[in-house]
Amino acid sequence: MNLGFFTMPMHPPGRDYTATLKEDREAVLLADRLGYTEAYIGEHIADRCETIPSCLSFIASLAHDTRTIRLGSGTVNLPNHHPAEIAAHAAMIDHLLEGRFLFGIGPGGLRSDMEVMGNLDADRGAMFLESIGHILALWAGKPPYDIEGKFWNVSTRRTLLAETGQGVFIKPYQQPHPPIVVTAITPGSKGLVGACARGWAPISANFLQPNLVSTHWPCIAEGFAKGGHRVEAERWRVAKSIFVADDDRTAERYVREARDAYHFYFWNLLAKRRSSGQLSSFKHDPAMPDEAVTVDYLLDTMVIRGGVNRVVEELLAFREQTGAFGTLLYCGHDWADAALARRSMVLMAEEVMPRVNAALQ
């Protein structure tokens, strides 16, 4: 099982923005040095706590400071952009990374972004599918393109001067295009069936209860088979909030008492999802009353923490519950204590994963 990294990221609103951007970059650079195989960065436009408005721009800042780690958008929220803009931007990123780019896409989940971009009440699923269709058509096609849709039209017919390059889109470094990755945040996601039928790779989000993560594999397998692709668990990524310390007591204290890290993360997500009536992924039992879903409940059920031995045991139990998957994505959280946060990433790579893989073998 490979080890990767995923960050939204999420920081308390009182923190200095310049400092958190440096911290987020440092986390990815550390992951690269430690041998994490891939890292995904989220994007949100109108949120003071989820503070990267363009994951592609952030990835560009890392391109020449990383060595082997593959960098993914997690995700580009397609309804919030013009598909021609994303086709050009993502192709450039793929060249900057010389093929280390993973193209994570989604319809977006932050309601303030939807309102700001004018699609709060729109059919964002339809916008998402049209957008990726346009992007793939631009990468595969030739000018003047002439792509028509319900939401966007793309053409360079009136201005095309092919011999000068005017009106011609850049092709990605990876052909026919970078690997496409989608993130699922709901139980039994039927969107996974359609995505995997297209050959896209799935990620299960870290804010699903463990017993609900297991509902994704049947959808993934159905989709791969439906599209005529090999049914490979190795292509499935599962994100998880994990904290590793030198002893169980330190880890428990950090998760519980470092209010800006795991506690703030789940408080923020809970407040947002409660306001929109979307608590289903937070409940291990759908019969649970909403008031029983508290921050402490989420910390107890969604965060694996402890010394190395305890984390190894809990990860193996988690994988037994979900079924086999190819990459575990360690989720980034605010570095309320930078030394402990770095230590956790080091222990995860150097102690936990070797033992997990030895046990699996």
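Hi everyone, let me start with the cysteines: the count of disulfides here comes to zero, where a disulfide is a pair of cysteine sulfur atoms within 2.5 Å. As a reminder, a disulfide is a covalent bond between the sulfur atoms of two cysteines. C219 is in no disulfide either, with the sulfur of C196 as its nearest, at 8.8 Å.

A word on the ground rules. This is a predicted model, in which local features need pLDDT of at least 70 and side-chain atom pairs count only at pLDDT 80 or more, while totals for chains, interfaces and linings use all residues. Residues are numbered from 1 along each chain as its sequence is written, and side-chain values use heavy atoms, with hydrogens and water left out.

Are those two cysteines buried or exposed? Buried means under 20% relative accessible area, exposed over 50%, and partly exposed in between, with a 1.4 Å probe and protein chains only. C55 is buried at 0%, and C219 is buried at 5%.

Next, please find helix α5, residues 124-140. Helices are DSSP runs of H or I with at least four residues, strands are runs of E with at least two, and both are numbered from the N terminus. The 17 residues of α5 reach 24 Å from first C-alpha to last, close to the 24 Å expected at 1.5 Å a residue; that expected span is 1.5 Å times one less than the number of residues. Its buried residues include R124, F128, H134 and W139. What covers them? Among the covering elements are α3 (83-96), β5 (101-106), α4 (111-116) and β6 (180-184).

T301 is partly exposed, with a relative accessible area of 26%. Its side chain reaches the backbone oxygen of Y297 at 2.8 Å, a polar contact (a pair of N or O atoms within 3.5 Å; within protein, one must be able to donate a hydrogen and the other to accept it, and residues adjacent in sequence count only if both atoms are side-chain atoms). Leaving aside neighbours within four places in sequence, T301 is in contact with Q209, P210 and K240, contact being heavy atoms within 4.5 Å. T301 and L208 are 93 residues apart in sequence, but 9.5 Å apart in space, C-alpha to C-alpha.
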